[in-house]
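Biologist: I have a model open and would like to learn how to read it feature by feature. Could you walk me through it?

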Amino acid sequence: MAQLRSIISGATRTPHLAARPEATVLAEYRPNPDSDLRGAACADSDTALFFPDPEEMGPETAEWAERRAKMMCAGCPVKSMCLADALERREPHGIFGGLNERERNSLLRRAARSRAQLTAGGAL
């Protein structure tokens with residue numbers, strides 16, 4: 001019990017050390033050259049879940065798979081990097097960063113429109 005108290009009291013003396021991760025921990029979440037995101041929530045999941053095919057699975061099962069994949073993405077620590085990587089590659093299929101191909105294309109179109117308005121001097 002005394003050991004537990006010393007651990008707890010030690011943590012309260014230096015809360016900034018417990019609250020901030022070290023820089024080396026953050027580096028783990030950077031994409032590898034082969035596009036593998038360490039720490040991804042989907043790392044050990046079946047890839048078919050992220051590439052639902054309505055013709056092969058049936059529309060209801062494909063819809064369920066897409067919702068399940070998006071739920072997994074929702075709490076993923078590398079979600080934004082995954083989405084950015086998919087947008088950069090113009091990934092044509094699958095769920096990446098919580099968005100399917102239609103949603104990613106829509107996001108790219110909106111970003112292109114915003115850039116066009118900014119370069120033309122228009123307001124957003």
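Biologist: Let's start with the cysteines. How many disulfides does a search of the whole structure find?

Modeller: This is a predicted model, and the search turns up 0 disulfides. The test is simple: two cysteine sulfur atoms have to lie within 2.5 Å. Take C73: its nearest cysteine sulfur belongs to C82 and sits 6.1 Å away, so C73 is in no disulfide.

Biologist: Are C73 and C76 buried or exposed?

Modeller: For that you look at relative accessible area, where buried means under 20%. C73 has 9%, so it is buried. C76 comes out at 14%, so it counts as buried too.

Biologist: Now a charged residue. Where is E66 found?

Modeller: E66 is in helix α5, which spans residues 59–74. Its relative accessible area is 19%, and the cut-off for buried is under 20%, so E66 is buried.

Biologist: Which residues is E66 in contact with, leaving aside neighbours within four places in sequence?

Modeller: P52, I95, N100 and R102.

Biologist: What about aromatic rings: how many pairs does the count come to?

Modeller: There is 1 aromatic pair. To classify a pair, you take the distance between ring centres and the angle between planes, with over 60 degrees counting as edge-to-face. For F51 and F96 the centres are 5.8 Å apart and the planes are at 75°, so this pair is edge-to-face.

Biologist: Where in the chain do F51 and F96 sit?

Modeller: The pair links distant parts of the chain, 45 residues apart. F51 is in the loop between α3 (23–27) and α4 (54–57), while F96 is in the loop between α6 and α7. As for accessibility, F51 is partly exposed at 40%, whereas F96 is buried at 15%.

Biologist: Those two helices, α6 and α7: at roughly what angle do their axes cross?

Modeller: Roughly 75°, with the axes of α6 (residues 79–89) and α7 (residues 101–120) coming within 11 Å. Angles of 65 to 115 degrees count as roughly perpendicular, so that is how α6 lies to α7.

Biologist: Which residues meet there?

Modeller: From α6 you have L83, A86 and L87, and from α7 there are R104, L107 and L108. Sorted by type, the residues of this contact are 5 nonpolar, no polar and 1 charged.

Definitions and conventions. Residues numbered from 1 in each chain as written. Predicted model: local features only at pLDDT ≥ 70, side-chain atom pairs only at ≥ 80, totals over all residues. Heavy atoms only, no water. Axes fitted to C-alpha atoms, helices over the stretch in contact; angles between N-to-C directions. Helix = DSSP H or I, 4+ residues; strand = E, 2+ residues; numbered from the N terminus. Parallel < 35°, antiparallel > 145°, perpendicular 65-115°, else oblique. Contact = heavy atoms within 4.5 Å. Nonpolar A, V, L, I, M, F, W, Y, C, P; charged D, E, K, R; others polar. Buried < 20%, exposed > 50% of the residue type's maximum accessible area, 1.4 Å probe, protein only. Phe/Tyr/Trp six-rings, centres within 6.5 Å; stacked < 30°, edge-to-face > 60°.
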